[in-house]
Amino acid sequence: MSLNYRARAFELYGKEKYLYGQLATLPSLGKLSFLNNDQPAALNYFNDGSILAEKLDDDFYRAVIWKEMADMYRDTASNAQATEYYLKALRLGGKLNKRLTAIIQENLGEVYEKQNNPTAAKKYYLSALEISRNIKNKFGEAKTLYNLAVLDESENRTENALEKIKESLAITESLYIDV
């Protein structure tokens, strides 16, 4: 149903020749298509979005589209392609908002961990953690601490893992208490 609403919005933006509206809609059309098990349609939407972002010289949406493509590849265990697109998105650097940068780094850490590269995973997790703390994104901070704990445990650093899990849980509990 969501996919149909987004497709209708895309169509209406097209009739009005509102390219930015179309650009804003394409990443979600790609993601929803993937979630509906239609990877070819997802890739078409992502590719159309990349072309339009290039035409409009919009680095933010380039990064969003590359991040969504990377997520799709990560979820289908195409880790090399996921890594490629996450890194492309990160190369846009200061043109991204900090929250998106932290999310991409977190996801890249997960991909490197799946590739059995704990050094690279830790590098990206720590960077994501720093950003999440700086922008006071408690959900991001808790998730990254959890991932760092899993990484520590996989490397037999049980005490470090336990400290990070406790910190992650405390943050998560505080979020629910504040609601």
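Q: Which helix does Arg62 lie in?
A: Arg62 lies in helix H4; helices here are DSSP runs of H or I with at least four residues, numbered from the N terminus. This is a predicted model, where local features need pLDDT of at least 70, side-chain atom pairs count only at pLDDT 80 or more, and totals for chains, interfaces and linings use all residues. Residues are numbered from 1 along each chain as its sequence is written, and side-chain values use heavy atoms, with hydrogens and water left out.

Q: OK, and is Arg62 buried or exposed?
A: Arg62 counts as buried because its relative accessibility is 8%. Buried means under 20% relative accessible area, exposed over 50%, and partly exposed in between, with a 1.4 Å probe and protein chains only.

Q: What does Arg62 touch, then?
A: Not counting residues up to four places away in sequence, Arg62 touches Ala53, Glu54, Asp57 and Leu92. Contact is heavy atoms within 4.5 Å.

Q: Which side chain does the one of Arg62 join in a polar contact?
A: That of Glu54, at 3.2 Å. A polar contact is a pair of N or O atoms within 3.5 Å; within protein, one must be able to donate a hydrogen and the other to accept it, and residues adjacent in sequence count only if both atoms are side-chain atoms.

Q: Back to H4 itself. At what angle do H2 and H4 pack?
A: About 5 degrees, with the axes of H2 (residues 19-35) and H4 (residues 59-75) 10 Å apart. So H2 is roughly parallel to H4. Axes are lines fitted to C-alpha atoms, for helices over the stretch in contact, and angles run from 0 to 180 degrees between N-to-C directions. Under 35 degrees is roughly parallel, over 145 roughly antiparallel, 65 to 115 roughly perpendicular, and the rest oblique.

Q: Which residues of H2 make that contact?
A: Leu23, Ala24, Pro27, Lys31 and Phe34 from H2, against Tyr61, Val64, Ile65, Glu68, Met72 and Asp75 from H4.

Q: How do H1 and H2 pack?
A: H1 (residues 2-15) and H2 pack at about 155 degrees, with axes 9 Å apart, so the two are roughly antiparallel. Residues of H1 in the contact include Leu3, Phe10 and Tyr13, and those of H2 include Leu26, Leu29 and Leu32.

Q: New topic: where does Thr144 lie?
A: In helix H8, residues 138-154. Thr144 counts as buried because its relative accessibility is 1%. Leaving aside neighbours within four places in sequence, Thr144 is in contact with Glu106, Tyr125, Ala128 and Leu129.
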